[in-house]
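Subject: Structure handover

Hello,

Here is the structure for your files. My notes on strands and helices follow below it.

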Amino acid sequence: MRVRVRWSKHGKIRFCGHRDAARIWERAVRRAELPVAYSQGFTPRPRISFGLALATGQESVAEYLDVDLRTTPEELYDWAACMPERLSAVLPDGMTVTDACPLSPGTASLQDAVTSCTWEFALAESDVTSAAGWAARVRSADSLPLQRERKGRTTTSDVRTAVGDLHILDASVGSVLVAELGTKPRAVRPAEFLRLIAPPLAAGRVRRLHQWITRDGERYEPLAPEAGVLAPAGDSLAAASIDAVPAAQQEVCA
Amino acid sequence: MRSLWSALEPLLDQVQRPARYIGGEEGAGPAAHAPDKVAWLLCYPDSYEVGLPNQGLQILYEILNERPDATAERAYAPWGDLEVLMRRHDLPLFSVDTHLGAGEFDVLAFNLSSELVYTNVLNLIDLAGVAVRAADRSGDDLLVGAGGHCAFNPEPLADFVDFFVLGDGEEVVGEITEAIAARRSEGRAAVLEALAGIEGVYVPAAYEVTYSGLSAEVTRRWPGAPETVEKRTISSLGDWPYPKRQLVPLTEVVHDRLNVEVFRGCTRGCRFCQAGMITRPVRERPAEQVRTMITEGLRRTGYDEVALTSLSTADFSGIEELVADTVGPADDDAGGAGCPAVTVSLPSLRVDAFTVGLAAELQRARRTGLTFAPEAGSWRLRQVINKLISTDDLDAAVEGAFSQGWRRVKLYFLVGLPTETDEDVLGIAALARRCVELGRRHVRGASVTVSVGGFVPKPQTPFQWFGQNTVAELHRKVALLADDLRADRGVRLKWHDPEATLVEGLASRGDRRFGAVIEDVWRSGGTFQEWSEHFDYGLWLDAMERHGLSVEDYAYRHRSGTETLPWDHLSAGLHKDFLWQDWQDALAESGLEDCRWTPCYDCGACTGYGIEHVVASAVPPAGGSQGTGQNLLKPEPVPVQLLATRPLAGVS
């Protein structure tokens with residue numbers, strides 16, 4: 001039985017990379033004494049499927065992973081309900097589980113399902129005007145060429161369709177540039193996106209705000225019922241998860 | 001107190017593996033500073049990945065933080081990329097716990113587990129913002145301390161470190177804290193004088209050393225300092241169940257698992273082994289405490305692997321039972337989807353105490369690497385070094401491993417041992433071939449990795465008088481071995497760089513004059529010398545020459561019995577005449593039986609300090625000759641202090 005977990009990563013822990021986070025999670029599910037299923041073979045590991053990797057140094061309020069539990073369908077809801085608290089208690093400072101919902105069997109993996117992510121880039125005060133000008137030019141541009149290295153060869157591809165909404169917003173910590181970047185067929189990484197911006201921005205904090213699954217023209221977050229989360233009638237747990245907007249995101253939207 | 005985090009954070013976006021600088025480990029802190037407390041910055045002079053797991057540092061970290069009059073934080077050597085940025089932005093060495101600058105602390109204390117970190121020690125003192133030479137520090141400048149195995153000949157660092165601690169640190173860190181707190185209002189000199197009077201503490205400034213040629217003379221300058229500094233020994237490990245909260249790092253480190261020390265000290269009497277000589281006597285942790293530390297530790301950390309650490313873990317009374325209990329009950333959940341068995345690793349195994357039963361218990365969980373250390377390729381040479389394992393012992397251990405499903409074992413050897421001939425060196429190859437042959441009876445593709453290190457004679461051991469093999473000789477012996485093993489597909493040969501072996505030897509038995517060489521190499525940029533990609537042999541040779549010191553004198557010549565050794569005013573409890581007799585016995589190819597199962601030889605480690613072995617059983621465990629060369633089939637109780645009376649598995 002599979003449970004999808006949403007978690008956040010902020011502060012000093014952002015310097016732990018994806019592999020480090022995976023090791024922290026393996027220890028956390030053991031410490032939380034969850035009935036986690038293990039892989040077979042010479043080195044059995046807890047069955048955790050991680051979503052899209054977050055680069056070392058980046059923060060996120062929208063990380064997801066799927067955990068396999070050895071439990072009955074009846075008990076699954078109880079386990080999912082206690083996971084945010086149990087896991088947050090054993091995760092290091094800066095890693096918090098904000099939600100957990102059972103998945104219906106056969107739900108596509110995060111890696112396969114997620115089609116875009118919304119990112120937030122902190123702007124230095126002196127960069128706000130030029131970033132706004134660049135965003136305006138991109139909005140009306142037909143193409144957006146990006147040079148990338150792959151296997152020693154430099155290729156140029158047009159990523160205009162992969163760069164969605166661009167906004168400059170005022171958050172309490174200062175101005176931020178918010179951008180939706182596609183992940184398929186080939187993701188535009190935040191670092192690549194920053195290379196597109198001219199003139200370049202001063203280095204600042206990067207934070208993932210959302211992951212999106214687009215199907216038939218509609219966008220869903222990975223914990224929405226449409227994404228495969230089990231939501232039996234009258235179950236407040238799954239319903240609550242859809243409305244739960246991370247605090248950081250509310251701040252940006254306000 | 002100002003955290004440097006906000007200045008450090010932007011730099012971490014520019015360096016490799018920034019997670020090693022953020023702290024936040026499970027089990028860390030909280031650091032509660034107060035003006036009347038003594039603040040310790042415990043520093044491992046190598047990268048975080050190597051230093052974090054160090055148990056000695058973690059033990060002292062907890063003990064100090066439990067005291068009302070002390071607080072302790074940790075620091076590690078920043079990697080080169082960060083060091084450049086720190087120096088450019090004028091950031092000092094910082095603690096990883098709360099990112100305070102080193103200057104906010106009273107004591108900067110190093111763990112010295114290898115001689116090749118000495119240049120890092122100087123670099124870290126410099127990064128801490130004080131003068132590297134102790135004589136140039138004054139007033140409220142940090143007190144620089146050091147402990148660990150290298151403190152048994154700390155003379156090469158005598159000019160840079162204010163005080164050294166010899167032996168177990170559990171008790172003495174408290175006494176040092178109290179002395180600092182009591183005397184600091186009177187100034188630095190008063191504090192150092194007080195430290196020099198504490199048993200187990202060596203203050204180099206309290207002694208004057210004069211050299212003429214090869215001989216040295218040590219004179220005591222302060223009346224309060226002892227003639228000879230004796231090491232500290234805790235009489236019972238059971239009184240010190242530390243670490244209680246082992247640190248769980250957020251990023252990958254070496255030995256990334258729960259570590260439980262099952263005993264300290266070793267009585268096998270291997271003559272090359274400094275650890276075995278300086279940590280006597282054997283003090284076993286009560287089995288019940290070991291079990292509690294494992295159970296609690298696994299639950300608290302989330303690790304699925306535990307290492308039972310000691311100098312020879314298979315010697316632990318009732319080891320088979322302990323491993324069986326730790327691995328857990330036989331897996332009923334045949335589907336394999338449930339929580340897997342706990343992996344137990346035994347980092348130092350003697351072949352003569354490794355039984356098929358033990359192998360069978362270990363293999364129920366994930367099979368970790370098995371390393372056996374025969375050390376020498378012939379029985380003759382093993383008698384010289386007093387590693388009395390017979391060919392039968394080795395056969396039984398290797399067969400035990402392969403029959404229980406291991407496909408590869410690692411064998412560790414030393415070359416450059418006293419009296420070694422080419423025949424002994426080639427004996428290593430023969431032994432490895434034999435192991436592969438035994439293995440192939442059980443598994444296809446059985447293989448053996450032979451790891452060869454160059455022997456470095458260490459202070460406070462019977463081999464402290466031995467002239468180390470030259471770099472050229474070690475190269476020749478390794479080549480001889482490589483040539484002989486070239487056609488053997490089942491044997492993989494690895495060896496340690498003979499140049500690094502020489503530098504380790506220079507520092508290991510060096511005197512105060514060698515300090516100038518360390519400083520010279522450090523000033524030329526030679527840090528992280530224990531990392532082969534950074535080790536710079538040329539820097540060391542040039543520095544030796546510049547300071548008029550001879551490699552021959554420091555490393556290659558045999559020392560005489562009448563010579564004053566640079567560490568003669570420091571004692572690990574072992575009588576010098578005992579060590580000399582043991583050296584003569586070695587040359588006569590005469591082994592010395594394990595004193596745990598025989599009457600006392602009066603080496604001094606027990607009798608001198610009024611302590612004795614603390615073990616759970618007065619009879620030897622079963623299996624092989626136990627490396628004693630003795631008939632242990634009719635074991636008789638020996639005069640040791642007994643821990644518990646629980647029955648032992650496997651003892652008839």
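**Sheets and a helix pair in chain B**

B:Gly145 has B:Phe163, in β5(B), as its bridge partner. Please keep in mind that this is a predicted model.

The two strands involved are β4 (residues 143-147) and β5 (residues 163-165) of chain B, which pair in the parallel sense over two bridges. They belong to an open sheet of six strands, whose order is β2-β1-β3-β4-β5-β6 (chain B) and whose pairing is mixed. Its edges are β2 (70-76) and β6 (201-202) of chain B, each of which pairs on one side only.

Two helices lie against this part of chain B. Helix α3 (residues 55-66) of chain B packs on the sheet and touches β1 (38-44), β2 and β3 (107-111) of chain B. The direction of α3 makes about 155° with that of β2(B). Helix α6 (residues 172-183) of chain B lies across β1, β2, β5 and β6 of chain B. The angle at which α6 runs to β1(B) is about 135°.

There is also an open sheet of four strands, with the order β15-β16-β17-β18 (chain B) and parallel pairing. The edge strands here are β15 (371-375) and β18 (491-495) of chain B, and each pairs on one side only. From one strand to the next, the twist averages 25°. Strand β15(B) runs parallel to strand β16 (residues 408-415) of chain B, and three bridges join them. Within this pair, B:Thr371 stands opposite B:Lys410 in β16(B).

The last item is a pair of helices. Helix α17 (residues 514-523) and helix α18 (residues 537-546) of chain B pack at an angle of about 130°, and their axes are 9 Å apart. Because of that angle, α17(B) counts as oblique to α18(B). The crossing of α17(B) and α18(B) is right-handed.

Which residues meet between α17(B) and α18(B)? From α17(B) they are B:Val517, B:Asp520 and B:Val521. From α18(B) they are B:Leu539, B:Trp540, B:Ala543, B:Met544 and B:Arg546. Sorted by class, the contact of α17(B) with α18(B) has six nonpolar residues, two charged residues and no polar ones.

Regards

Definitions and conventions:
Residues are numbered from 1 along each chain as its sequence is written. Chains are lettered from A and ligands numbered from 1 in the order in which they are written. This is a predicted model: local features need pLDDT of at least 70, side-chain atom pairs count only at pLDDT 80 or more; totals for chains, interfaces and linings use all residues. Two strands pair if DSSP finds at least two bridges between them. Two residues are in contact if their C-beta atoms, placed from the backbone, lie within 7 Å. Axes are lines fitted to C-alpha atoms, for helices over the stretch in contact, and angles run from 0 to 180 degrees between N-to-C directions. Angles under 35 degrees count as roughly parallel, over 145 as roughly antiparallel, 65 to 115 as roughly perpendicular and the rest as oblique. A crossing is left-handed if the near helix is turned anticlockwise from the far one by less than a right angle, and right-handed if clockwise. Ala, Val, Leu, Ile, Met, Phe, Trp, Tyr, Cys and Pro count as nonpolar, Asp, Glu, Lys and Arg as charged, and the others, Gly among them, as polar.
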